[in-house]
Amino acid sequence: MDANKKTALDERARQILTGNDRGGYTVPTKNLYPFQWNWDSALVALGFSTFDLDRAWTEIETLMSAQWDTGKLPHIIFWKDDEGYFPGPDQWGTDRTPRTSGITQPPVVATIVRRLFTHPGNAGPDRAAALVEKLDRWHQWFADARDPDGTGLVAIIHPWESGRDNLPDWDAPLSYVDTSGVGDYQRRDTQHVDADQRPQKADYDRYMALVGFGRAVGWDDAKIAADCPFWVADVGMNAILRRAEHDLSWLADAVGLPDIARRAQERAERLEHGFEALWDEDLKGYVSRDLRREGRAKDLSAGSWLAFYAGQVHPAGAERMVALLGEWLQQVTYSVPSFDPGNPLFDSIRYWRGPVWAIVNWMIADGLMRNGYAQHSETIRSHTRTLIAETGFYEYFCPLTGRGGGGDDFSWTASMWLSWATPLPEELGS
Ligand code: DGY
């Protein structure tokens with residue numbers, strides 16, 4: 001890429017982050033997502049760390065300040081009112097200060113805190129040490145509330161917890177959710193973005209039914225574990241938590257908290273063991289499972305390749321998955337589509353049913369690199385760079401044409417540009 005173009009895009013990416021900064025936290029994009037989102041914020045900290053490390057730490061500290069006393073870190077924090085988003089605090093009914101949603105999101109925070117801690121400009125262990133205890137409580141909450149039988153697989157209770165909202169993996173488990181009590185409601189997302197890029201009404205009815213269920217049981221973890229109609233082991237969530245436990249263990253050791261390091265290591269080992277139950281011999285990869293009904297996802301998704309991000313994939317499985325990734329990439333122009341491009345349910349522009357997401361690309365590429373697949377990793381990085389440079393800082397991209405979709409001036413896309421897609425390989429943090 002031409003150096004002037006790169007300089008201009010770097011500047012634009014920094015402007016997006018500072019423009020979406022609402023004072024201590026960053027919105028994913030204006031209008032469509034006007035609050036602080038859990039994994040968005042964590043991933044945005046990487047972008048800030050390239051030009052303002054202090055601000056990167058603050059992003060995480062603000063997020064963690066909304067942790068519940070149960071240990072849960074909610075997926076949205078409603079720091080200020082905004083009528084432009086639905087469902088707002090009244091629908092969640094969590095009755096807390098600050099006001100939050102009732103569900104969580106993929107726990108990337110520990111992995112990001114490790115990156116901030118090892119950043120060459122970092123001043124010392126204090127800020128990381130202050131977060132380690134909170135991270136331990138959040139991760140322990142996953143073990144207690146979402147894997148009460150100690151199987152080594154944690155469940156999600158809403159597709160939004162996966163962060164990959166309308167992935168075809170959820171179609172079957174969602175079909176059992178009773179929507180008869182949902183009533184009328186007005187969506188706001190389709191006022192900001194074309195309806196053909198967003199989940200459909202049938203999905204939304206089920207999303208709202210699950211919000212209603214959580215509200216009705218007062219977001220009580222035991223009642224949710226016993227009765228929530230949606231109780232699914234998402235391959236992405238489990239992979240991200242496994243990686244986060246390893247990073248937390250490393251961090252706790254580094255800041256002199258050996259008890260936490262040991263606990264995180266034990267949880268990581270349990271998750272490692274449980275993860276193998278997601279392997280599907282017919283599909284030749286790891287897939288999500290409906291834990292209520294013993295159903296399995298019918299196809300691989302981008303989340304399947306997060307197995308590499310989680311840790312070491314055993315060599316036979318790794319070779320088969322990498323071969324399959326190659327087959328996917330022959331069917332699209334840009335990697336990695338969020339769902340199998342050969343499946344009839346693939347939809348190249350509808351949110352998580354096909355589009356490419358820069359943050360998922362980062363995680364997959366990071367995992368491939370750590371598992372020894374440097375060339376595949378670099379291909380994904382260069383596709384991400386091209387998509388953003390040619391199209392803009394969109395929420396996601398069509399894998400066939402490169403067209404941008406969803407929100408524009410998107411914080412985590414800007415963050416990935418600055419922290420991963422464009423630095424020279426030797427500048428990339430570990
Ligand atoms: C939305 O509103 O689409 C979000 O993804 C929920 O977290």
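**Reading aromatic rings, a sheet and a buried threonine**

Author: In this predicted model, one aromatic cluster is formed by Tyr 33, Phe 35, Trp 37, Trp 39, Phe 78, Tyr 85, Tyr 351, Trp 352, Trp 357, Tyr 396, Phe 410 and Trp 412.

Reader: How many aromatic pairs does the structure hold, and how is a pair of aromatic rings described?

Author: Two values describe a pair of rings: the distance of the centres and the angle of the planes. The structure holds 32 aromatic pairs. One of them joins Trp 141 and Phe 142, with ring centres 5.1 Å apart and planes at 65 degrees, so this pair is edge-to-face. Trp 141 and Phe 142 are both buried.

Reader: Which ring does Arg 114 lie over, and where does the charged end of Arg 187 sit?

Author: Arg 114 lies over the face of Trp 250, 4.1 Å from the ring centre. The charged end of Arg 187 is over the ring of Tyr 204, at 3.7 Å from its centre.

Reader: In what order do the three strands of the open sheet lie?

Author: In general, strands of a sheet pair through backbone hydrogen bonds, either parallel or antiparallel. Here the order is 3-6-7 and the pairing is antiparallel. Strand 3 (232-233) and strand 7 (295-296) are the edge strands, each pairing on one side only. Two bridges link strand 3 to strand 6 (residues 289-290); in strand 6, Arg 289 is the bridge partner of Ala 233.

Reader: Is Thr 26 buried or exposed?

Author: Thr 26 has a relative accessible area of 2%, so this residue is buried. Thr 26 belongs to the loop between helix 1 (3-19) and strand 1 (36-37). Its side chain makes polar contacts with the side chains of Arg 55 (3.3 Å) and Glu 59 (2.6 Å).

Technical notes: Residues are numbered from 1 along each chain as its sequence is written. This is a predicted model: local features need pLDDT of at least 70, side-chain atom pairs count only at pLDDT 80 or more; totals for chains, interfaces and linings use all residues. Side-chain values use heavy atoms; hydrogens and water are left out. Two strands pair if DSSP finds at least two bridges between them. Helices (H or I, at least four residues) and strands (E, at least two) are DSSP runs, numbered from the N terminus. Buried means under 20% relative accessible area, exposed over 50%, partly exposed in between (1.4 Å probe, protein chains only). A polar contact is a pair of N or O atoms within 3.5 Å; within protein, one must be able to donate a hydrogen and the other to accept it, and residues adjacent in sequence count only if both atoms are side-chain atoms. Rings of Phe, Tyr and Trp (its six-membered ring) pair if their centres lie within 6.5 Å; planes under 30 degrees apart count as stacked, over 60 as edge-to-face and the rest as tilted. A charge sits over a ring if NZ of Lys or CZ of Arg is within 6 Å of the ring centre and within 35 degrees of the ring normal.
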